[in-house]
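Please look through the sequence and the structure shown here before reading on. The report that follows takes up salt bridges and backbone angles in turn.

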Amino acid sequence: KPDEARQFEERKLLYMTQTGSIPPAVAVSQAQKEISRMGTIALNNLRLAVNSFFNLADKAEEVEENEDTVNYLDRAIISKLVELRTLEMSPRDLNRVYRMTLVVADIERLSDHAENIVEYEAQIHSQKAQLSQEALDELQHLADLCLQSVELCLDIFAKDDFDRLQEAEDLEDLVDDTQEEIIQNHVKRLMNATCNPMGGVVFTDMATDLERCSDHAINIACALSDHPS
């Protein structure tokens with residue numbers, strides 16, 4: 001099956017394969033590429049989960065398989081980063097390796113949120129929870145901003161493009177403000193008894209997951225930005 005072939009290809013390290021036999025600075029650079037690849041897989045899984053939620057397409061199994069891939073890479077990369085820290089390297093590179101360990105954890109959490117989102121989709125699909133079009137539109141807007149934030153922050157990490165950090169921070173602020181605004185709108189709907197109670201739980205949980213994705217994203221973008229020169 002094509003999907004199985006893709007998963008087989010993804011569930012192995014492509015860049016961190018010669019950690020002990022190449023110069024430490026090169027190994028650190030390879031680690032950054034490997035982590036960026038993991039980030040792309042997590043971002044695509046988040047996109048898949050969000051599309052599944054709004055299109056009521058049952059993608060839970062696919063999201064779960066992608067999550068397994070992210071978890072595999074999480075363990076494999078961390079193991080290699082631990083190996084890297086035993087090499088003779090500059091304080092700057094050692095600091096980068098430590099910070100990359102934190103980035104791997106943030107990326108793994110992004111994929112966890114994707115799993116949560118397909119669970120909400122299942123509740124909507126089964127009609128245990130119902131959301132108004134207004135609520136769906138608000139969540140779609142927040143989701144679009146969130147995905148934009150994650151994509152930008154992963155790009156900053158991959159390229160050390162710290163000139164774009166302010167753009168990322170402004171976008172994260174926008175995600176926070178938007179989440180706060182739509183939660184206030186949700187409370188008004190509750191007060192007016194125009195909100196399905198179970199739908200209300202899904203709405204607030206989904207909004208929280210999306211906002212937290214943006215939090216993880218900004219951590220990723222900033223991780224390598226203030227390392228010693």
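This is a predicted model: local features need pLDDT of at least 70, side-chain atom pairs count only at pLDDT 80 or more; totals for chains, interfaces and linings use all residues.

Asp155, at 24% relative accessibility, counts as partly exposed. Both residues belong to helix α5, where they stand four residues apart, about one turn of the helix. Through salt bridges that share partners, Asp155 and Lys159 are joined with Arg164 and Glu167 into one network.

## Other salt bridges

The count of salt bridges comes to 10, and among them is the pair Glu34 and Arg37, whose side chains meet at 3.1 Å, N to O. Glu34 and Arg37 are both buried, and they lie three residues apart in helix α2, about one turn of the helix.

A further salt bridge links the side chains of Asp93 and Arg92 at 3.6 Å, N to O. Asp93 counts as buried because its relative accessibility of 10% is under 20%, whereas Arg92, at 33%, counts as partly exposed.

## Positive phi angles in two loops

Most residues other than glycine have a negative phi. Leu56, although not a glycine, has a positive phi of about 50 degrees; Leu56 is placed in the loop between α2 (24-55) and α3 (60-84), and is partly exposed with a relative accessible area of 36%.

Asp160 likewise has a positive phi, near 50 degrees, in a residue other than glycine. The loop that holds Asp160 runs between α5 (133-159) and α6 (165-191), and Asp160 is partly exposed, with a relative accessible area of 28%.

Key: Residues are numbered from 1 along each chain as its sequence is written. Side-chain values use heavy atoms; hydrogens and water are left out. Buried means under 20% relative accessible area, exposed over 50%, partly exposed in between (1.4 Å probe, protein chains only). A salt bridge is a side-chain nitrogen of Lys or Arg within 4 Å of a carboxyl oxygen of Asp or Glu.
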